[in-house]
Amino acid sequence: MRLIQYRDGVSKVLAAVTDDEAVYPLEDKNVWELFRRAERQGMTPLEQINADITGGTPLSREWSSLELLPPVDAPEVWAAGVTYQRSREARNYEVTGGKADAGSTFYDLVYDAERPEIFFKSTLARTVGPGGSVKLRSDSSWQVPEPELGLVLNAGGEIVAYTIGNDMSCRDIEGENPLYLPQAKIWKQSCSIGPAIRLAEATPNPYDLEIGLRIYRKDEAVVDISANTGSLKRRLDELVSFLKRDNLIFDGTVLLTGTCLVPPDDFTLRPNDRIEIEIKPIGTLINTVEA
Ligand code: DO4
Ligand code: MG
């Protein structure tokens, strides 16, 4: 079971999307209201949704045709890094000017260290949703999307759902100096999440999710790669525990878990490219690229 938010005229609607792709608008203003209502009824969120939609009539439209909004209003988005071997190799390539197996870079060290890399990625105002545009930085000539599994947390730091995130990144700025990381990662519309959140209780194994990245240029697929969250170096609760440490977590804080997909090293995004990131049990996050 997934949840989406969409615009209907001037209203924002929360809706459940079943595994058969049927869409049922819910009475709650947002996912947190739904969770509280379920708790009052002594039900899990999934049980509450099933009780709500049983005997109901789904929308006659497909959910991809709705005016989708980010599925959760994330006050903050954080991200973990170098959690997959593929990411480690790509960062090493950036800092050494071409050697993926450098052996002793910051990236090699953090891959094996007890403390993971966790960085601040985005705020509500900088984050776009499905169908929105992600922007390119004007001072970078090597930019890529980073498809990542996103953890949706409540204020207690529990993983309540999963989503898809795009941690847009400037490989040249990042490679020039690790101290430039915030500039390589954070700018207007440099983060996207959606199209849905999948309830944690309806996700049997987050360590076995296929992630696909397709990038279309004038309708031709110029990148088409995939990987599996099974190759994640860390546990999800381990990443959350470092994020939570002496920190403030809000209902809707999202933690991106690092990328396992990096386009070929000679690839850079261009205006009007269409990025599609798919995790089947969640959906496909589609964004266009703007200068
Ligand atoms: O250290 C740089 C960023 C790493 C990252 O964003 C990732 O591995 O996904
Ligand atoms: Mg990343």
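Predicted model: local features only at pLDDT ≥ 70, side-chain atom pairs only at ≥ 80, totals over all residues.
Biologist: What makes D19 and R198 a salt bridge?

Modeller: Their closest N and O atoms are 3.1 Å apart. The cut-off is a Lys or Arg side-chain nitrogen within 4 Å of an Asp or Glu carboxyl oxygen, so the D19–R198 pair qualifies.

Biologist: And how many residue pairs are in polar contact across the interface?

Modeller: The rule finds five, with both residues at pLDDT 80 or more.

Biologist: Which elements give two or more residues to the side of domain 1 that touches domain 2?

Modeller: Those are β1 (2–8), α1 (31–40), α2 (45–53) and β4 (67–69). Of that side, α1 supplies the largest share, with four residues.

Biologist: What classes of residue make up that side of domain 1?

Modeller: Eleven are nonpolar, one is polar and three are charged.

Biologist: Where do the two domains run in the chain?

Modeller: Domain 1 covers 2–69, while domain 2 is written as 76–85 + 114–290. The contact takes 15 residues from domain 1 and 18 residues from domain 2. Contact here means heavy atoms within 4.5 Å, so those residues count by their atoms.

Biologist: How far apart are the C-alpha centres of the two domains?

Modeller: They lie 24 Å apart.

Biologist: What area is buried between domain 1 and domain 2?

Modeller: About 1200 Å², and carbon and sulfur atoms give 67% of that.

Definitions and conventions. Residues numbered from 1 in each chain as written. Chains lettered and ligands numbered in written order. Heavy atoms only, no water. Domains from an automatic or database assignment. Buried area = accessible area lost by both parts, 1.4 Å probe. Polar contact = N/O pair within 3.5 Å; in protein donor to acceptor, adjacent residues only side chain to side chain. Nonpolar A, V, L, I, M, F, W, Y, C, P; charged D, E, K, R; others polar.
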